[in-house]
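Colleague: I am new to this structure and would like to learn how to read it. Please take me through it one feature at a time.

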Amino acid sequence: MEQLPQITVVVPVFEEEESLPALHGEIAAALTPLGRPFEIVFVDDRSSDRSLAVMLALQREDPRVRVIALGGRSGQTAAMAAGFDHSRGAVVVTIDGDLQNDPADIPALVAELDQGWDVVAGWRKSRQDGFVRRRLPSLVANRLIALVSGVAIHDTGCTLKAFRREVVERLPIYAEQHRFLPLLSAGIGARVTER
């Protein structure tokens, strides 16, 4: 009988064929030492490259991998929502498919959930993208969001996040709200932190 996963990693994918094998290996390497059953749910947002073929090959090689193919290009929020809908773990982690986030950080987020938090947002402390075009607008937006919402998250754009299942099941996500999942979570009473 199949053991249900305790942790689900949801990976929205668009045009990521080259990074997927390495990402799969790094997620498995990060989670295996935890000793908890896990699954990786790749959600293809109608990639035109070989991303879907690569994901299906990973699924054939690893029974912990599940693949969802969206019917049309829907965006990252819709891909995350589809992954949430198909996740089975008590903990649901989101991570980019392009290796912008380090899967080695996942256990630290899970440990924060184990300490009683409901949502743990990742924080890209040493971003490598340009300051004027990317980091400065992000810094201003994050401070404004924290001021207005009362939820102090330094990096709302970081896809790496961990959620308790109860939160994921109650999140009303649509449009392009994936950046605001910690805020939406706080709005339904979840305890939110960052790491």
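Modeller: Start with pairing: two strands pair if DSSP finds at least two bridges between them. Helices (H or I, at least four residues) and strands (E, at least two) are DSSP runs, numbered from the N terminus. This is a predicted model, in which local features need pLDDT of at least 70, side-chain atom pairs count only at pLDDT 80 or more, and totals for chains, interfaces and linings use all residues. Residues are numbered from 1 along each chain as its sequence is written, and side-chain values use heavy atoms, with hydrogens and water left out.

Colleague: In which sense do strands S4 and S6 pair, and over how many bridges?

Modeller: Strand S4 (residues 91-94) runs antiparallel to strand S6 (residues 161-164), with 4 bridges between them. Threonine 94 has lysine 161 of S6 as its bridge partner. S6 also pairs with strand S5 (residues 119-121), again in the antiparallel sense, over 3 bridges. There, valine 119 stands opposite phenylalanine 163 of S6.

Colleague: How is the length of helix H1 checked?

Modeller: The expected span of a helix is 1.5 Å times one less than its number of residues. H1 (residues 20-31) has 12 residues and should therefore span 16 Å; its end C-alpha atoms are 16 Å apart, which agrees.

Colleague: Which residues of H1 are buried?

Modeller: Buried means under 20% relative accessible area, exposed over 50%, and partly exposed in between (1.4 Å probe, protein chains only). In H1 the buried residues are Leu20, Leu23, His24, Ile27, Ala28, Ala30 and Leu31. Viewed down the axis of H1, they fall within an arc of 165°, so they line one face of the helix. That arc is taken from the directions from the helix axis to the C-beta atoms.

Colleague: What do the buried residues of H1 pack against?

Modeller: Contact means heavy atoms within 4.5 Å. The buried residues of H1 pack against strands S1 (7-13), S2 (38-44) and S3 (65-69), and against helices H2 (51-61) and H4 (106-114).

Colleague: Is threonine 159 buried or exposed?

Modeller: Threonine 159 is buried, because its relative accessible area is 4%. Its place is the loop between helix H5 (131-149) and S6. Neighbours within four places in sequence aside, threonine 159 touches Gln76, Met80, Thr94, Ile95, Asp96 and Asn101.

Colleague: What percentage of the protein's residues count as buried?

Modeller: Of its 195 residues, 48% count as buried.
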